[in-house]
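Open the model in your viewer and keep the selection tool at hand. The tour below goes from stop to stop, saying what to select and what is there.

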Amino acid sequence: MTHAMLKGSNVPLEATTVRAVLRWTPGQGVPDVDVSALLLGPDGRVRSDEDFVFYNQPRHPSGTVWRLGKKRVAEGLTDTIQSELTGVEPGVSRILLVASADGVAFDQVPALCILLYDAGAADAEPLARFDIKPETGAETALICGELYRRGEGWKFRALGEGYSNGLEGLATDFGISVDESEAAAEEPPTSALPLPPEVPAYGYPQPVPVPAASAGDGYFRMPPQGPQFIGR
């Protein structure tokens, strides 16, 4: 039986490995959506940048949390995170399940939901389903839910908490280091910009660099000591 979740509700998990499937309906003007995971310690923050599992760092070093990638299904598109709960390091107390929409507000993403499955039960119905309704519609990143320890076991809580400053803002709040020096180095020199002769160069704001990678891979870059990017 699938638990229909309300915001703030929780459900105990008996499964040892769970699959969190983010699903939405694609269409004209609908942005690409990515799922990520943040592994948090008891203080509510990551222990290092390695505790951020996303499209350029798809597997946690422990091997217990990883992305399965995107699929097209009858109901729409999906992006999936899988977690082997029994193997998660003792220093991790919560795993946040996050959706980001490539800088576009989530009011343009129809039928967004997260479904939780027992990864060890083939073709089983979802353990839980949470239909996510952004509170303002201006959110560009959402904490869809969390897996968290309770005693010797784990539970899932539906959250739906939004951020209007995207994945970068959300990740920074939980302790991820955002390296701004590399982005600044990529800015073209002011003298190279096409300026009208009557306007001095110092009168123009610095341009925002355009990410060189594909759509969805331009929120921010990790510092040199962080994970190596492998591309999408």
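Now widen the selection to the strands β2 and β12, which pair in the antiparallel sense over four bridges.

Which order do its strands take? Reading across, the order is β2-β12-β11-β8-β4-β5, an open sheet of six strands with antiparallel pairing. At the edges are β2 (10–13) and β5 (52–53), each of which pairs on one side only. Colour helix α1, residues 166–173, which packs on this sheet. The helix touches β4, β5, β8, β11 (141–150) and β12 (153–163), and its direction makes about 30° with that of β11.

Stay with this sheet and select residues 34–40 and 94–100. These are strands β4 and β8, paired in the antiparallel sense over seven bridges. Within that pair, pick L39 on one strand; its bridge partner in β8 is I95. While the side chains are shown, keep a general rule in mind: in a regular strand, side chains alternate between the two faces of the sheet.

Move on to the other sheet listed here. Six strands make up this open sheet, in the order β1-β10-β9-β3-β7-β6, and the pairing is mixed. Its edge strands are β1 (3–4) and β6, each pairing on one side only. Select β1 together with β10 (residues 128–131): the two run parallel and are joined by two bridges. H3 stands opposite A128 in β10.

For the next stop, select R19, V21, R23, L68, G69, K71, V73, E75, T78, T80, L115 and Y117. These residues line the second largest pocket, which holds about 270 Å³ of space. Strands β3 (17–24), β6 (65–73), β7 (76–84) and β9 (113–118) each give two or more residues to this lining. Which element gives the largest share? The answer is β6, with four residues. Colour the lining by class and you will find five nonpolar, three polar and four charged residues.

Finally, colour the chain by pLDDT. The mean is 83, and 77% of the residues reach 70 or more. Select residues 181–224, where pLDDT is below 50; the model gives this stretch 61 contacts beyond near neighbours in sequence. Residues 227–232 also stay under 50, and for them the model has 21 contacts beyond four places in sequence. Where pLDDT is low, the predicted coordinates should not be read in detail.

Note on methods
Residues are numbered from 1 along each chain as its sequence is written. This is a predicted model: local features need pLDDT of at least 70, side-chain atom pairs count only at pLDDT 80 or more; totals for chains, interfaces and linings use all residues. Side-chain values use heavy atoms; hydrogens and water are left out. Two strands pair if DSSP finds at least two bridges between them. Contact means heavy atoms within 4.5 Å. Axes are lines fitted to C-alpha atoms, for helices over the stretch in contact, and angles run from 0 to 180 degrees between N-to-C directions. On a 1 Å grid over the protein atoms alone, a cavity is a set of points where a 1.4 Å probe fits but cannot get out, and a pocket is an open set with protein on both sides within 12 Å along at least five of seven lines; lining residues have an atom within 4 Å of a point. Grid points are joined across faces, edges and corners, and a volume is the space filled by probe spheres set on the points. Ala, Val, Leu, Ile, Met, Phe, Trp, Tyr, Cys and Pro count as nonpolar, Asp, Glu, Lys and Arg as charged, and the others, Gly among them, as polar. pLDDT is the predictor's confidence in each residue, from 0 to 100.
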